Every structure is written in structure tokens, then in C-alpha cells.
Amino acid sequence: RTPHGARSAAVAASVGSAIYSANLQRRAANDAAANATAVADYNARVDLAEAQQTDLDARANIQAMRKDAAVYMSRQTAAFAAAGIRADSGSPLALRAATAGRLAMREQQAYTNSEAKQRQLGSSAIAGRAAGAAAASGYRGQATAAVLSGAGRVASLLGQGYNAGLFSGTG
């Protein structure tokens, strides 16, 4: 039969090991939760920065389109004048109006495309943060489960020690 002291030491070592293991699992799960949140937040910030850059790019592109359109319209007017045609009435005026309309539609399409991309990136940021929060919640649940499992293991080991008479003083 194993001496009382050796059995007590074995139970104490097992209890300590169970507590240590549960604590390591809890820490790992909490670290994973923090990491999931940090990664989701970082990705959301990247998406939002890209949305902001898309807006700035669209504004610059539209400004350039307007300048190009003004140059094109000036050249069109100059071509009419060089041909001796008045550009402010009749068919030349209709042509200039149609040209201006097409150029304005290009600008509007560029703006619409930019807005759509910005909305998509904003939605992606929101969804990414939600996914990160959900993953973090799952990891925190694992941390809680590790603590509860460790407590159950400790209770079981102490119960075994009690049943073996380790706490009765008679061993």
C-alpha cells in the first residue's frame, strides 16, 4: 500500500497540474479572442480607409473629366468657328448639347461607381467586425469551458483523494 504522504503528494500534484492546464487553456482562448477582435478591427479600418481613398480618387477623376470635357467642348467650338459655322444655334448647338450630356453621364457613372464601392467597403467593415466579435465570443466561451473543465477535474481528484481516505487523517 502507498504511504499516505505519497498519495497526498500525488493528488496535490494532479490538482496543481489540472489547475495549471485549465489556466493555460483559458489564457490561450482569451488571447485568441483578443486576436480575433484585433484582426477584425484592423481589417475594418483597412476597408474604411480604402473607401475613403475611393472617394478621394473619384473626386479627383471627376475633376479631371470636367477639365477634359471643357477642353473638348472648346475644341469643338473652335472647329465650328474655323469652318465658319455658328456653334450657338441649330445643329451645331444640338451636337454640343449631346456632347455635354454624354460627358456629364460619364461623370455621373464614375460617381455612382465610387459610391457603390464605398458602400460595399463600409458593409465589409461592419460584417468583418461582427465576424470578429462572434469569433471572440466563441473563444471566450472556450475560456469559460476550460475553467469549468479544470474545476471539474480538480473536484474529481479531490473526491478521489477523499474516497481514498487522504483527508481523514488515518490514510
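This is a predicted model: local features need pLDDT of at least 70, side-chain atom pairs count only at pLDDT 80 or more; totals for chains, interfaces and linings use all residues.
1. Overall form. The chain contains 2 helices and 0 strands. Its radius of gyration is 37 Å, well over the 16 Å that the globule rule gives for 171 residues, so the chain is more spread out than a compact globule. The C-alpha trace spans about 125 × 15 × 15 Å along its principal axes. Helix H1 covers residues 4-82, and helix H2 covers residues 90-163.

2. Burial and contacts across the chain. Of the 171 residues, 23% are buried. The chain exposes about 11000 Å², of which carbon and sulfur atoms supply 59%. When contacts between residues at least 6 apart in sequence are considered, 80% of them join residues at least 24 apart.

3. Thr 99. This residue belongs to helix H2. With residues up to four places away in sequence set aside, Thr 99 touches Tyr 72, Met 73 and Gln 76.

4. Glu 107. Beyond its neighbours within four places in sequence, Glu 107 is in contact with Ile 62, Met 65 and Arg 66.

5. The salt bridge between Asp 41 and Arg 129. A search of the whole structure finds 6 salt bridges. In one of them, Asp 41 pairs with Arg 129, and the closest N and O atoms are 2.8 Å apart. This pair links distant parts of the chain, since Asp 41 is in helix H1 and Arg 129 in helix H2, 88 residues apart. Asp 41 has a relative accessible area of 27% and is partly exposed. Arg 129 is likewise partly exposed, at 35%.

6. The salt bridge between Lys 117 and Glu 50. The side chains of these two residues meet at 3.5 Å, N to O. Lys 117 lies in helix H2 and Glu 50 in helix H1, so the pair ties together parts that are 67 residues apart in sequence. Lys 117 counts as partly exposed, with a relative accessibility of 38%. Glu 50 is also partly exposed, its relative accessible area being 34%.

7. The side chains of Arg 86 and Asp 88 form a salt bridge with an N to O distance of 2.9 Å. Arg 86 has a relative accessibility of 59% and so counts as exposed, whereas Asp 88, at 47%, counts as partly exposed.

8. Ile 85 in the loop. Ile 85 has its place in the loop between H1 and H2. At 40% relative accessibility, Ile 85 counts as partly exposed. Not counting residues up to four places away in sequence, Ile 85 touches Phe 80 and Pro 92.

9. The end of H2 and the segment after it. Just after H2, Gly 165 adopts a positive phi of about 85°. Phe 167 lies in the segment after H2 and is partly exposed, with a relative accessible area of 47%. Leu 158, Tyr 162 and Phe 167 form a nonpolar patch on the surface, and their accessible area together is about 340 Å².

Terms used: Residues are numbered from 1 along each chain as its sequence is written. Side-chain values use heavy atoms; hydrogens and water are left out. Helices (H or I, at least four residues) and strands (E, at least two) are DSSP runs, numbered from the N terminus. Contact means heavy atoms within 4.5 Å. Patches are made of residues with over 30% relative accessible area and no salt bridge: like charges are joined within 9 Å, nonpolar side chains (Val, Leu, Ile, Met, Phe, Trp, Tyr) within 5 Å. Accessible areas come from the Shrake-Rupley method with a 1.4 Å probe; for residues, only the protein chains shown count as cover. A salt bridge is a side-chain nitrogen of Lys or Arg within 4 Å of a carboxyl oxygen of Asp or Glu. Buried means under 20% relative accessible area, exposed over 50%, partly exposed in between (1.4 Å probe, protein chains only). The radius of gyration is taken over C-alpha atoms; the globule rule is 2.2 Å times the number of residues to the power 0.38.
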